[in-house]
Amino acid sequence: MQKQFIFSIYFFVSFFCSLFAQTSYPKDYFRAPINFPLKLAGNFGEIRTNHFHAGFDIRTDGKEGVPVYAVADGYISRIRISAYGYGKALCITHPNGYVSVYAHLRNFNPVLQNFTKNIQYKLEKFEFDTLLSKNTLSVMKGDLIAFSGNTGGSEAPHLHFEMRDEKTEMPINPYFFGYKVQDAIKPTITKLVVYPMDETTTINNKKLLKKIIPIRVNDKYSVSKTDTLLISGKVGFGIGCYDKENNSGQNAVFSIEMQEGGKRLFYCEFEKFSFENARYVNAYIDYLQKQKNKETIQKCFLSKNNLLGIYKNVVNNGFINFNDDDIHLVTFIVKDYVGNTTEWVVKIKSAVPKKSTMPLQSKSENKLDCLKEFEFSNDEIKILIPAYSLYDDIAFKYTKKPKSINTFSNLQQIFDENTASQKTYSLKIKTIGLPISLQNKACIVLSEKKAKHRYEGGVYSNGWVTTETKNFGQFTIMIDTVAPTIHLAIKKKENATIVDYRSFKEIRIVVKDNLSGIKNYRATIDDKWVLCEYDYKKSMLIYLFDEAILSGIHQFKIEVTDDKKNTNWLTFNFKK
């Protein structure tokens, strides 16, 4: 009876604190950015490559051009146009201290579109990022500001929407501002992973991690007899889990809690985070399992270097020591924002660690301290890894292999592709047999599967090529002497000297590069700069005809340069 009373108090306090945190944000101040019920393709905190998702991906039924509205009074404080990332994006600063963000837009309303175009023609650049003063472009709640699209890093048409704190610029879960999505579905737990955390730990008498897929019957989770857990020593737990709102795919859960014997040992929730620390997603998940097996395991323990602000009430960094002969109940509680809850109670038989007759060898002597700067060099390579780059103390791994054909250094292996870095580090590689005439074309590449190479950049100086990277694996030096390829997207009639564009609204140019990537481009009509949008996903440069191009014969010229300053041109006459 007493235990039940204590549990009731604990539940009430936890619920009240959660409710209090939610009511600290205005609930009725902001409207939706679209005029139909919200359906999400992605939610806040969803795990993406090297970052957490910072807002809502609102479904637009696979269409572009859906009207987008200002969620409250304010002023447009930032316009950013990029071929990558957020694509075409707007920020609106509101008088109550919050900023709303709208991204992957197709285009803006006529006033904004003209404002943006004037900036682009003044800069003679497609991409730009500008901050605006309070009195430049004001908006009212419900004003049409833009139309949804698929620009930048978007993989399908949708509206990316965020809420941020004006002072800290931290993204905040839009749910906290009263946005509602139909959700009557409990989160799903797909897997439990148990990790041995020291040399003496055993899991079912083995010193290997253990994966368990739960048996699920009517939302009740259990473990099969063959997966009964016998643990001795220090372990960490991780779970695979996801949430689904009505009419959505697999999205992020809101919170994860781990209890042992009714006591909370680990808790995290997605209220907000900083963009600066978003890459710590690689410390939040089991990065090795993600890389090797495409499994997303969310750890219920903390890496040594993990500066995410999403954790609360974590005891002993989430690790549990099993060192007795008792039965322990470890409970995993997963919730979505509206409170749909899934629990899984796992019974564990604890065993007293056996005394070893062999002296333990300390692995820490050979490990790199992730909180300190690390430097390594020899006659062929120089590495400088800043402090707080790696997430845990790990053994430094370096090997080299003889150079292969068409390369200008030996193959330099640093850790491997299953190791993540929070920060960029300095990498220098010594060249072998690089002709003087090709020194400015030299670059470092990361060798990937299927003989592919990832361009890592680099500058030559005194026999070395130096770059900054966040990747690990097998590096070598190559040269890029091949200019980008350019051709019209439409077939030019044979022997035609003039391309007929009278029935077209745009000119499309296909541009591709073999290694270092498109860096710059410049298009002119009759020797005057014109705006071309770059869609890297389609390898396309697009010029939209405007009223400045009159009927008649004109000359179109475009110059495209890659990152190693290899340049190609295309010039043709067209009829409009």
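**Chatting through a predicted model**

Trainee: Leaving aside neighbours within four places in sequence, which residues is phenylalanine 556 in contact with?

Mentor: Counting as a contact any heavy atoms within 4.5 Å, phenylalanine 556 touches Ile507, Ile509, Ala523, Thr524, Ile525, Cys532, Tyr543, Leu570, Thr571, Phe572 and Phe574. Keep in mind that this is a predicted model, in which local features need pLDDT of at least 70 and side-chain atom pairs count only at pLDDT 80 or more, while totals for chains, interfaces and linings use all residues. Residues are numbered from 1 along each chain as its sequence is written, and side-chain values use heavy atoms, with hydrogens and water left out.

Trainee: Which residues touch the most other members of the largest nonpolar core?

Mentor: Phe556 is one of them, together with Leu90, Tyr102, Ile145, Ile509, Phe572 and Phe574, in a core of 67 residues. A nonpolar core is a set of buried Ala, Val, Leu, Ile, Met, Phe, Trp, Tyr and Cys residues joined through side-chain atoms within 4.5 Å; buried means under 20% relative accessible area, exposed means over 50%, and partly exposed lies in between (1.4 Å probe, protein chains only).

Trainee: And which strand gives the most to this core?

Mentor: That is strand β8, residues 98–108, which supplies four residues. Apart from this core lies another, of 46 residues, including Phe44, Ile212, Cys268 and Phe273.

Trainee: Zooming out, how many helices and strands does the chain have?

Mentor: The chain has four helices and 46 strands, where helices (H or I, at least four residues) and strands (E, at least two) are DSSP runs numbered from the N terminus. Of its 576 residues, 48% are buried.

Trainee: New topic: where is glycine 55, and what does it touch beyond four places in sequence?

Mentor: Glycine 55 sits in the loop between β3 (51–52) and β4 (56–59), and beyond those sequence neighbours it is in contact with Gly42, Asn43, Phe44, His160, Phe161, Glu162 and Pro174.

Trainee: Is glycine 55 buried or exposed?

Mentor: Glycine 55 counts as buried because its relative accessible area is 0%.
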